Amino acid sequence: MAEKCYICEKGNLAKKKVDYKLYGISIGEFDAEVCNKCGETFFDEHVSKKMTEIAKSKGIWGLQTKTKIGQSGTTLDIRLPKKIIDFLKLKKGKEVEVYPEGKDKLVISI
């Protein structure tokens, strides 16, 4: 008998290969258990460690960070941390597109 989902407790978990992405970058396909009702995905400890190793080797581990909104004259600005600047190879003067996605998300696209 299939194991019940740990989150919704209604669906059954099925073993599947899952393409895992971190910051939109695929780090590979991994064995997981996926709920057939809520879609929640569970990886075991061994798989999680492997995923972390791959993310570190690709330079995408730890890119997420917090920053504060500053002010320059009458406009607001956002400072980007060096690790994100280096990863995206950003340069002063590069044009980016900025737009809201809903009321609580800001997207910056290069």
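Biologist: Which residue's side chain does Lys105 meet in a salt bridge?
Modeller: Glu101, at 3.6 Å from N to O. A salt bridge here is a side-chain nitrogen of Lys or Arg within 4 Å of a carboxyl oxygen of Asp or Glu. Keep in mind that this is a predicted model: local features need pLDDT of at least 70, side-chain atom pairs count only at pLDDT 80 or more, and totals for chains, interfaces and linings use all residues. Residues are numbered from 1 along each chain as its sequence is written, and side-chain values use heavy atoms, with hydrogens and water left out.

Biologist: Is Glu101 exposed, partly exposed or buried?
Modeller: Glu101 counts as partly exposed because its relative accessibility is 40%. Buried means under 20% relative accessible area, exposed means over 50%, and partly exposed is in between, with a 1.4 Å probe and protein chains only. Lys105 is partly exposed too, at 47%.

Biologist: How many salt bridges does the structure hold?
Modeller: It holds 5. One of them pairs Lys15 with Glu33, the closest N and O atoms being 3.7 Å apart. That pair links distant parts of the chain, with Lys15 in strand 1 (residues 13-22) and Glu33 in strand 2 (residues 25-35), 18 residues apart. Strands, like helices, are DSSP runs numbered from the N terminus: E, at least two residues, for strands, and H or I, at least four, for helices.

Biologist: Why does Lys15 count as exposed?
Modeller: Because its relative accessibility is 71%.

Biologist: And which residue forms a salt bridge with Asp31?
Modeller: Lys17 does, with the closest N and O atoms 3.3 Å apart. Again the pair links distant parts of the chain: Asp31 sits in strand 2 and Lys17 in strand 1, 14 residues apart. Lys17 is exposed, at 54% relative accessible area. Asp31 is partly exposed, at 47%.

Biologist: Switching to the surface. Which residues form the nonpolar patch?
Modeller: Ile69, Leu76, Ile78, Leu80, Leu88, Val96, Val98, Leu106, Ile108 and Ile110, with about 910 Å² of accessible area together. Strand 5 (75-78) and strand 7 (106-109) are the elements that give two or more residues to it. For patches, residues need over 30% relative accessible area and no salt bridge; like charges are joined within 9 Å, and nonpolar side chains (Val, Leu, Ile, Met, Phe, Trp, Tyr) within 5 Å. The areas come from the Shrake-Rupley method with a 1.4 Å probe, and for residues only the protein chains shown count as cover.

Biologist: Where does Ile69 lie?
Modeller: In strand 4 (residues 69-72). Ile69 is exposed, with a relative accessible area of 62%.

Biologist: And Leu80, where is that?
Modeller: In the loop between strand 5 and helix 2. Leu80 is partly exposed, at 39%.

Biologist: How do the lining residues divide?
Modeller: Into 18 nonpolar, 6 polar and 6 charged. Ala, Val, Leu, Ile, Met, Phe, Trp, Tyr, Cys and Pro count as nonpolar, Asp, Glu, Lys and Arg as charged, and the others, Gly among them, as polar.

Biologist: Last topic, backbone. What is phi of Tyr23?
Modeller: Near 55 degrees, a positive value in a residue other than glycine. Tyr23 is in the loop between strand 1 and strand 2. Lys89 also has phi near 55 degrees, and it lies in the loop between helix 2 and strand 6 (97-100).
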